[in-house]
Amino acid sequence: MIHLKSFAGKLIFGFVLAIVLQLGNSALAQDGKALFSQNCASCHAVNKQLTGPALAGVEDRWPDKAILHHWIRNNQEVIKSGYPYAVNLYNQFNKTQMNLFPAITDKEIDAILAYIKTAAAEANATPAGGTPADAKNAEGDNTLLFGILTLVLAIIAFVLLQVNSNLKKLSDDKDGIPSHEPVPFWRNKSYIALLAVVLFLIGGILITKGAIGLGRSQNYEPEQPIFYSHKVHAGVNQINCLYCHTGAQYGKQATIPSVNICMNCHMAINEYKGPKIYNGEGEEVNGTAEIQKLYKYAGFEPGKPWDASKAKPIEWTRIHNLPDHVYFNHSQHVVAGKQQCQTCHGDIPKMDEVKQFAPLSMGWCINCHRTTQVQFKENDFYSIYTKFHDQLKRDSAEAKANGRQLSKEKSGITVEQIGGTECQKCHY
Amino acid sequence: MKKISIIIAVFAAGIALVSCGDGLKRKPGTVYMPDMGDSRAYETYADHSILEKKGIFYNNKPVAGTIARGEEMPFLLTKDLPGDTANYVASKQVANPVTSLNAKETAEAERLYLVNCGICHGAKLDGNGPLYKDGKGPFPAKPATLVGDAKYEAMPDGQMFYSVTYGKNLMGSYASQLSRKQRWAVIHYIKSKQSAGKAPSAPAAAADSSATAKK
């Protein structure tokens with residue numbers, strides 16, 4: 001009995017010991033992760049070469065652990081000592097100096113190395129599989145349905161008319177009223193007249209639509225030299241529009257970003273791992289291959305420092321075109337007018353391929369100028385319009401005194417009222 | 001019977017015409033008499049190669065050494081060659097010409113920071129912007145922790161300016177997105193955030209130590 005008890009005690013002790021050890025180990029790797037992200041992650045990744053080499057298998061590459069520790073603390077000393085692997089590595093990375101970490105302890109280095117080992121093993125165990133999320137939305141178009149319905153109804157009406165005339169003929173025969181020979185429907189004058197009217201209307205609508213559409217290209221969605229998805233950049237990754245289209249705040253042009261702006265991020269991001277992307281035809285697009293196209297334009301080889309002078313401009317296809325006789329200025333609308341980009345360009349953060357959202361017709365411009373209220377508040381641009389400021393104050397004070405809501409005309413000043421529909425504002 | 005088929009064909013053609021209006025539009029469409037439609041002068045992004053072929057010099061850059069009105073003086077240090085850090089080290093001596101910002105200028109510097117820097121370095125300057133997200137974002141390297149990391153809090157303004165202008169390691173050059181004045185203003189904003197981050201934490205630490213002392 002006593003023997004059994006002591007055995008049970010040993011067993012429990014063993015379990016506890018094992019659990020404590022296990023916890024200790026995982027705690028080591030956990031610390032390692034924090035230390036890695038604090039000290040190493042800005043230049044190193046486990047499985048990818050960044051500013052410095054990929055660290056997976058680093059312990060196999062440095063056979064002597066003491067030298068590795070020394071290297072991590074003070075790499076310059078190791079290079080000076082002439083250790084061949086260190087010198088080679090230094091030259092291979094264009095003599096980019098690694099930061100010195102004199103204060104880091106052996107225990108911390110071990111924790112980091114343990115983390116690198118587990119992270120490398122994890123990455124090997126799970127080969128990168130694409131997320132199965134199918135982002136394709138099947139939004140049906142109702143036009144065809146309505147067309148078919150109309151056609152069916154028309155045929156039914158036609159059949160009923162035929163039945164009606166046949167029945168009339170039968171009843172006439174019965175009553176003995178002489179009826180003339182029935183006219184086949186394609187020679188029936190009322191049918192021909194009806195058809196002519198319908199065709200005239202359809203033709204008229206088509207011609208008017210076509211004529212209005214001349215010189216306008218709403219929904220224009222050209223293929224670009226690189227499949228650049230605004231959905232991935234501005235939507236998923238929340239990059240501000242003005243990050244790339246810097247000029248929209250300062251002048252007429254919103255500016256197409258230079259290759260340099262692309263490479264700000266894509267020097268490091270060389271593969272696409274987000275949800276699947278599709279082009280207008282519904283075919284899947286390989287994001288990583290598109291990034292390779294960018295590298296071709298930039299003259300960049302991953303792993304080597306980028307020489308920006310080798311870059312060639314990317315010839316994007318322009319989508320929004322205004323005729324030369326119209327003046328449009330981006331900063332006037334974005335800064336002074338405080339308009340959102342989406343007002344005219346549509347929901348760009350949801351578009352894989354950008355298409356022209358607005359018709360960009362004069363009627364469209366004028367309509368917006370008639371209905372949009374000028375934002376006078378905290379807007380230096382309109383501070384000189386004292387007359388309107390006073391009028392607004394007077395109106396709101398009056399409404400307050402009468403205890404009434406401001407009427408729609410008095411609640412604000414539209415762009416039209418400050419001259420936003422004068423011809424020479426845009427045509428000169 | 002023949003006539004019925006003609007009528008049906010006309011209808012089918014009409015429906016086909018109407019339904020073709022929607023769908024993918026890869027071509028811009030037709031223009032009727034593009035009078036005053038295209039600019040006679042060279043516009044932004046127009047192809048200038050024809051001028052070059054004719055031997056006409058055209059360069060759409062300002063003359064070298066031009067300083068825009070209201071712009072800061074040029075930064076005289078050039079970009080280091082790969083493997084060299086002489087100018088990066090020398091940049092420590094360059095002082096920030098923007099010594100103070102009023103409330104409005106601070107708001108503008110903050111906006112510029114959020115548009116251009118926050119995407120990686122985080123809206124809270126913690127080096128954890130939407131592109132990194134603790135390693136879950138697409139950017140593989142951890143961006144610098146601007147507030148809370150002694151290395152970047154001790155980094156002089158001039159060296160920051162060097163990095164923002166020419167890029168450093170995996171960070172690219174922001175010279176095309178921010179003017180010199182804006183770059184200095186953003187650095188001033190970062191420095192003020194760093195000192196603001198330090199100021200409240202110091203008394204808190206003191207309070208902590210006094211609390212433990214009482215125990």
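A nonpolar core is a set of buried Ala, Val, Leu, Ile, Met, Phe, Trp, Tyr and Cys residues joined through C-beta atoms within 7 Å. Keep that in mind as you work through these exercises on a predicted model.

**Exercise 1. Find which elements build the largest nonpolar core, and where in chain A the core lies.**

*Solution.* 
Step 1: Start with the residues. The largest nonpolar core holds 61 of them, and those with the most contacts inside it are Ile112(A), Ile116(A), Met263(A), Ala268(A), Phe139(B), Ala141(B) and Val186(B).
Step 2: In chain A they are helix H1 (2-40), helix H6 (106-125), helix H10 (241-244) and helix H11 (259-266). In chain B they are helix H4 (103-116), helix H5 (118-121), helix H7 (157-166) and helix H8 (180-214).
Step 3: Now place the core. Domain 1 (22-125) and domain 3 (215-359) of chain A both contribute residues, so the core lies between them.
Step 4: Look closely at one member, Met263(A). Setting aside neighbours within four places in sequence, Met263(A) is in contact with Ala298(A), Phe300(A), Trp306(A) and Gly172(B).

**Exercise 2. Work out which helix of chain A gives the most residues to the side that touches chain B.**

*Solution.* 
Step 1: Count both partners: 53 residues of chain A are in contact with 42 residues of chain B.
Step 2: List the helices of chain A that each supply at least two residues to this side, namely H7 (143-175), H8 (189-213), H10 and H11.
Step 3: Pick the top contributor, which is H11(A) with five residues.
Step 4: Sort the side of chain A that touches chain B by class, and you get 23 nonpolar, 21 polar and nine charged residues.

**Exercise 3. Describe the make-up of chain A and the spans that UniProt annotates as "transmembrane region".**

*Solution.* 
Step 1: Take the chain as a whole. Chain A has 17 helices and two strands, and 14% of its 428 residues count as buried.
Step 2: Divide chain A into its assigned domains: domain 1 (22-125), domain 2 (150-178), domain 3 (215-359) and domain 4 (376-428). The centres of domain 1 and domain 2 of chain A, taken over C-alpha atoms, are 92 Å apart.
Step 3: Turn to the record. An unreviewed UniProt entry puts the feature "transmembrane region" at residues 144-161 and 191-212 of chain A.
Step 4: Compare the record with the model. Residues 144-161 of chain A are 100% helix, with end C-alpha atoms 26 Å apart. Residues 191-212 of chain A are also 100% helix, and their end C-alpha atoms are 32 Å apart.

**Exercise 4. Describe the make-up of chain B and find where its pLDDT is below 50.**

*Solution.* 
Step 1: Count the elements. Chain B contains eight helices and zero strands, and 24% of its 215 residues are buried.
Step 2: Check the annotation. UniProt, in an unreviewed entry, assigns "domain: Cytochrome c" to residues 104-194 of chain B. In the model, this span is 52% helix and 0% strand, with end C-alpha atoms 19 Å apart.
Step 3: Read the confidence. The average pLDDT of chain B is 80, and 82% of the residues score at least 70.
Step 4: Residues 201-215 of chain B have a pLDDT below 50, and beyond near neighbours in sequence they make zero contacts in the model. Where pLDDT is low, the predicted coordinates should not be read in detail.
Step 5: Finish with the complex, to which the predictor gives an ipTM of 0.81 and a pTM of 0.73.

Notes. Residues are numbered from 1 along each chain as its sequence is written. Chains are lettered from A and ligands numbered from 1 in the order in which they are written. This is a predicted model: local features need pLDDT of at least 70, side-chain atom pairs count only at pLDDT 80 or more; totals for chains, interfaces and linings use all residues. Helices (H or I, at least four residues) and strands (E, at least two) are DSSP runs, numbered from the N terminus. A residue is buried if 20 or more other C-beta atoms lie within 10 Å of its own, exposed if 12 or fewer, and partly exposed in between; C-beta atoms are placed from the backbone. UniProt positions are given in the numbering used here, feature names are shortened, and annotations may be inferred rather than shown by experiment. Domain bounds come from an automatic or database domain assignment. Two residues are in contact if their C-beta atoms, placed from the backbone, lie within 7 Å. Ala, Val, Leu, Ile, Met, Phe, Trp, Tyr, Cys and Pro count as nonpolar, Asp, Glu, Lys and Arg as charged, and the others, Gly among them, as polar. pLDDT is the predictor's confidence in each residue, from 0 to 100.
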